[in-house]
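Me: I have a model open and would like to go through a few of its details with you. Could we take it piece by piece?

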Amino acid sequence: MVLCLITASSTFNLQPGRSRYLHKCMRIQNCGRYLTKHVDITRQKIIPSARVDTVGLEVFVVSDLHTEYAENMAWLKGLPKKGKKKEVLLVAGDVAETYEKFVLTMSLLKASFEHVFFVPGNHDLWLRREKENYIDSLQKLDKMLDACQRLGVETNPSVIDGLAIIPLFSWYHESFDREKDIPGIRIPSLELACKDFRACKWPDGLTNGDNSLATHFDAMNDKNKDIVQEMLASCNQIISFSHFIPRLELCPEKRMLFYPNLPKMIGSDFLEARIRYIHGARGNTNACHIFGHTHFCWDVLLDGIRYVQAPLAYPRERKRRMNGGEDWLPFCIYSKGELTENMSPCYWSDYYASNPRTPDVTELAPWVARFYRKL
């Protein structure tokens, strides 16, 4: 993740009265179109979604809770308890690494929101710190889904006050990444960089090395086809959500990432196909999909669908304001019968709103280049 980005076309709107975070870049480096400079850059805080007395249904979203961290669990326990109004929370995966922490987290969320929806992320299926000897990660998933049913946490599509909410199960596949790789540097392998290869365990026939896991998790959505079809016919407003990302445009380009091969383990083409089936090839003004996984705040309209990521992320990322902090979460995406305004500021999606995506450019950004030696 990037702490500071200055380009010839970038501007920073520093408004007085905002809470500020000062980041000092390392030194001046001129690398063609990039420039990092030893200056103080003020990052605005994301405007929080206040849980106030509002008439009607409100939907909040959050991802990547990672409550194995004490700071994240403390944030969770600080959420207000649910009141009389109808509030919904969509949890887009990576709740906790252990089953015990997962159950505690979901119980606390149910104490704060009338309706809680959940889809699993990769960390939720890790086995390395589990006391129980699971056969594989799918057995752990079954146990988590059973716990959700006992707690009243929704994992299937449902309609609440005319709003359709559709959880989508997914997993990533390497072939999702179709953009040019960064040449001339030694990048650690996916097996070395990604703990999923060691922390998850899969039955025969399923592996991270091909599309098998992505197709398996996508097929888990088939049982809800009839329900989804009824929703498409009867509901004008639909919000879908997943853990993994459905489009490469929802991640910074490789040259800007500390691990340039990150796009190979973040998304699914099968997921985007599901989303387009739900919201239409061209989308519509009411189309919205929530995702997680990469810990980048994101809020953008692509081909008629609004894509949003609102991660709690790791404590160290919040301290460096890499995800906007924590006091703006969970983010309210739906209120008073319509989608809310875009979260602001939203660093990476704001950047791409004014700078074209150019994945064919493979020269590393200076904040990344300093970590790699050319071969």
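Me: Which helix does E317 lie in?
Reply: Bear in mind that this is a predicted model. In it, E317 belongs to helix α9, which covers residues 315-319.

Me: Changing topic, in what order do the strands of the five-stranded open sheet run?
Reply: The order is β7-β6-β5-β14-β15, and the pairing is mixed. β7 (115-118) and β15 (338-339) each have a single partner strand, so they stand at the edges with one side left without a neighbour in the sheet.

Me: What packs on the sheet there, touching β6 and β7?
Reply: Helix α2, residues 99-112, does so, and its direction makes about 145 degrees with that of β7.

Me: How do β5 and β6 pair, in the parallel or antiparallel sense?
Reply: Strand β5 (residues 58-62) and strand β6 (residues 87-91) pair in the parallel sense, over five bridges, and V62 stands opposite V91 in β6.

Me: On to charges, how many salt bridges are there?
Reply: The count comes to 20 salt bridges. One of them joins D161 and K86, whose closest N and O atoms are 3.2 Å apart.

Me: Why does that pair tie together parts that are apart in sequence?
Reply: D161 sits in the loop between β8 (158-160) and β9 (163-167), whereas K86 sits in the loop between α1 (70-77) and β6, so the pair ties together parts 75 residues apart in sequence. D161 counts as exposed at 52% relative accessibility, while K86 is partly exposed at 27%.

Me: What about D299, which residue does it form a salt bridge with?
Reply: Its partner is R306, with the closest N and O atoms 2.8 Å apart. D299 counts as buried because its relative accessibility is 6%, and R306 is also buried, with a relative accessible area of 7%.

Me: Which residues are linked in a network of salt bridges?
Reply: The network links R247, E249, E272, R276 and D303.

Me: Last one, which residues of helix α6 are buried?
Reply: In helix α6, residues 212-219, the buried ones are S212, L213, A214, F217 and D218. What covers them includes α3 (137-151) and α8 (269-279).

Methods. Residues numbered from 1 in each chain as written. Predicted model: local features only at pLDDT ≥ 70, side-chain atom pairs only at ≥ 80, totals over all residues. Heavy atoms only, no water. Helix = DSSP H or I, 4+ residues; strand = E, 2+ residues; numbered from the N terminus. Buried < 20%, exposed > 50% of the residue type's maximum accessible area, 1.4 Å probe, protein only. Contact = heavy atoms within 4.5 Å. Pairing = 2+ DSSP bridges. Axes fitted to C-alpha atoms, helices over the stretch in contact; angles between N-to-C directions. Salt bridge = Lys/Arg side-chain N within 4 Å of Asp/Glu carboxyl O.
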